[in-house]
Amino acid sequence: MGNEQKFYGWKLVGVLWALYLLNMGFPLYGGAVINSYMMKEITMDRTTFGLGFSLLNLFVGTSAILVGMTITKWGVRKTFIIGSALIAAGALWLSLVATEPWHYLVGFGFLTGCGLGFGCIVALSTTITRWFVKFRGRAMALAMTASGFAGFIGAPAMNKLIASSGGNWRLAWMVVAGIAVVSAIIAWLFVKERPQDLGQIPDGKEVTETATAVAANNALVTKYVWTPAEVYKSATYWLTVLAAAASQWPFFFFTAHWIMHLKGKGIAPADAAFAMGMFTMGGIFGRLISGWLMDKIAARYVFMLGMCCYLVGSYLAVQAAPNAMMSAYIAAILYGAGFGWTFVAQNTMLGNFFGPAAFPKINGSLQAVTAVIVSCAGVVGGKLFDMFQSYTPAFELNAAIGFAGIIVVIFATMPKPSSSAKCSESA
């Protein structure tokens, strides 16, 4: 394995990029556009509309516990395929069955949410953690830029498809189902579980070379082999969970209500869809910056910088108007950057702090707990609008939660195993 050109890890990053693009970008970001048209046929208030996104977030997270178990038993490839199958089922349900609000909640909130849980975050981040050590942050960031490209393409494309078909949002969901089938085929053909399965090693470098590089890199990566039981006793883990929840609340509110917020301000649907695309493109820059920084400086500093994007973005989002589209575009970019930035930091932090052995279970648990905490973001945003006929209070709440997240992550320092654990390892 002296020849790095033969290392499959970077090719696998490209495969994961494609899977994330297909499984996250179109059902979620494209779905936000499709659902805004669906409301014209399936009458519901903003609270119910937001509930669909809250349920999606909840099932993305709560399914993560099962995802961790599935990865351990059957591997990441089959886990990706299960996710694609669930996304396809949800899209077909919405296309062929949905006529009532509860149909929307089942198809989008439950089926699509579970599909995203199985087909995206935990499986992708587990694969990256297994294949990379020295370049883990950058590899994680590159793979996760896919959802940004998908949103930038998918949201306007879904809007154009629906507009050109006379408002046929059911056709758009049928297209999403077809995209999910393509992602399942890609996963089956190209996903590889571990570098050892191909006779390779992480980073494509000798173990001693990687270990030396990591040690020289400010000891950002743990050398201790953590067990899930030990991780759950670590204060750093639970601080990371709270910080992750704070970073996800604004994202899920924004995904659910951003287009409705802009339309309510008098902004044209095409411009609103483009602004959603800018949101996802901002995620690309946030992920790349975060991935580069995660390999250079302490994880908590990277996380804090990312959270600052929400503070400025919330202020600009309130200023958005037909004659102030630049505020809308910059707000969307900052919200996307804030989520992409902190999401890469969150997943890389877990790998750096606790290692690959415990990663599937502890990341699944993190996703589940944060989902429970932030599952009501869409509902709360919709309720605040119904109460005040404005999304301004919701954006103010986002800024407050972002500030609280910064305070929490200040204390998320590199964890240290207990003295007894060190003695056992030495023995």
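Helices H6 and H12 pack at an angle of about 170°, with their axes 7 Å apart. That makes H6 roughly antiparallel to H12, since an angle over 145 degrees counts as such. The model is a predicted one.

**H6 and its surroundings**

On the H6 side, the contact is made by Gly137, Arg138, Ala141, Leu142 and Met144. On the H12 side, Arg287, Leu288, Gly291, Trp292 and Met294 meet them. The residues of this contact divide into six nonpolar, two polar and two charged. H6 covers residues 136–144. Seven of its nine residues are buried, so the helix is largely enclosed by the rest of the structure. The buried residues are Arg136, Gly137, Ala139, Met140, Ala141, Ala143 and Met144. What covers them includes H12 and H14. Helix H1 (9–38), helix H5 (121–131) and helix H7 (146–164) are also among the covering elements.

**Methionine 281 in H12**

Methionine 281 lies in helix H12. Is methionine 281 buried or exposed? Its relative accessible area is 19%, so methionine 281 counts as buried, the limit being under 20%. Beyond its neighbours within four places in sequence, methionine 281 is in contact with Gly148, Phe149 and Phe152. Isoleucine 186 is 95 residues away along the chain, and its C-alpha atom is separated from that of methionine 281 by 24 Å.

**Aromatic pairs**

How many aromatic pairs does the count come to? The count is 37. One of them joins phenylalanine 274 and tyrosine 329 in an edge-to-face arrangement, 5.4 Å centre to centre with 80° between the planes. This pair links distant parts of the chain, with phenylalanine 274 in H12 (residues 269–294) and tyrosine 329 in H14 (residues 325–354), 55 residues apart. Phenylalanine 274 is partly exposed, with a relative accessible area of 33%. Tyrosine 329 counts as buried, at 17% relative accessibility.

Tyrosine 310 and tyrosine 335 form another edge-to-face pair, 5.2 Å centre to centre and with 65° between the planes. Here too the link is between distant parts of the chain: tyrosine 310 is in helix H13 (residues 299–319), tyrosine 335 is in H14, and 25 residues separate them. Tyrosine 310 is buried at 0% relative accessibility. Tyrosine 335 is buried at 0% as well.

**Charges over rings**

Two positions place a charged side chain over an aromatic ring. Arginine 77 lies over the face of tryptophan 188, at 4.3 Å from the ring centre. The charged end of lysine 263 sits over the ring of tyrosine 37, 5.1 Å from its centre.

**Two partly exposed residues**

Leucine 242 is placed in helix H11 (residues 235–264). Its relative accessible area is 43%, so leucine 242 is partly exposed. Which residues does leucine 242 contact, leaving aside its neighbours within four places in sequence? They are Ile373 and Val408. Alanine 404 is 162 residues away along the chain, yet the C-alpha atoms of leucine 242 and alanine 404 are separated by 9.5 Å.

Isoleucine 410 sits in the loop between helix H17 (392–409) and helix H18 (419–426). Isoleucine 410 counts as partly exposed, at 32% relative accessibility. Not counting residues up to four places away in sequence, isoleucine 410 touches Arg300 and Met304. Methionine 304 is 106 residues from isoleucine 410 in sequence, and 7.6 Å from it in space, C-alpha to C-alpha.

Most residues other than glycine have a negative phi. Aspartate 203 has a positive phi although it is not a glycine. Glutamine 389 likewise has a positive phi and is not a glycine.

Definitions and conventions: Residues are numbered from 1 along each chain as its sequence is written. This is a predicted model: local features need pLDDT of at least 70, side-chain atom pairs count only at pLDDT 80 or more; totals for chains, interfaces and linings use all residues. Side-chain values use heavy atoms; hydrogens and water are left out. Helices (H or I, at least four residues) and strands (E, at least two) are DSSP runs, numbered from the N terminus. Buried means under 20% relative accessible area, exposed over 50%, partly exposed in between (1.4 Å probe, protein chains only). Contact means heavy atoms within 4.5 Å. Rings of Phe, Tyr and Trp (its six-membered ring) pair if their centres lie within 6.5 Å; planes under 30 degrees apart count as stacked, over 60 as edge-to-face and the rest as tilted. A charge sits over a ring if NZ of Lys or CZ of Arg is within 6 Å of the ring centre and within 35 degrees of the ring normal. Axes are lines fitted to C-alpha atoms, for helices over the stretch in contact, and angles run from 0 to 180 degrees between N-to-C directions. Angles under 35 degrees count as roughly parallel, over 145 as roughly antiparallel, 65 to 115 as roughly perpendicular and the rest as oblique. Ala, Val, Leu, Ile, Met, Phe, Trp, Tyr, Cys and Pro count as nonpolar, Asp, Glu, Lys and Arg as charged, and the others, Gly among them, as polar.
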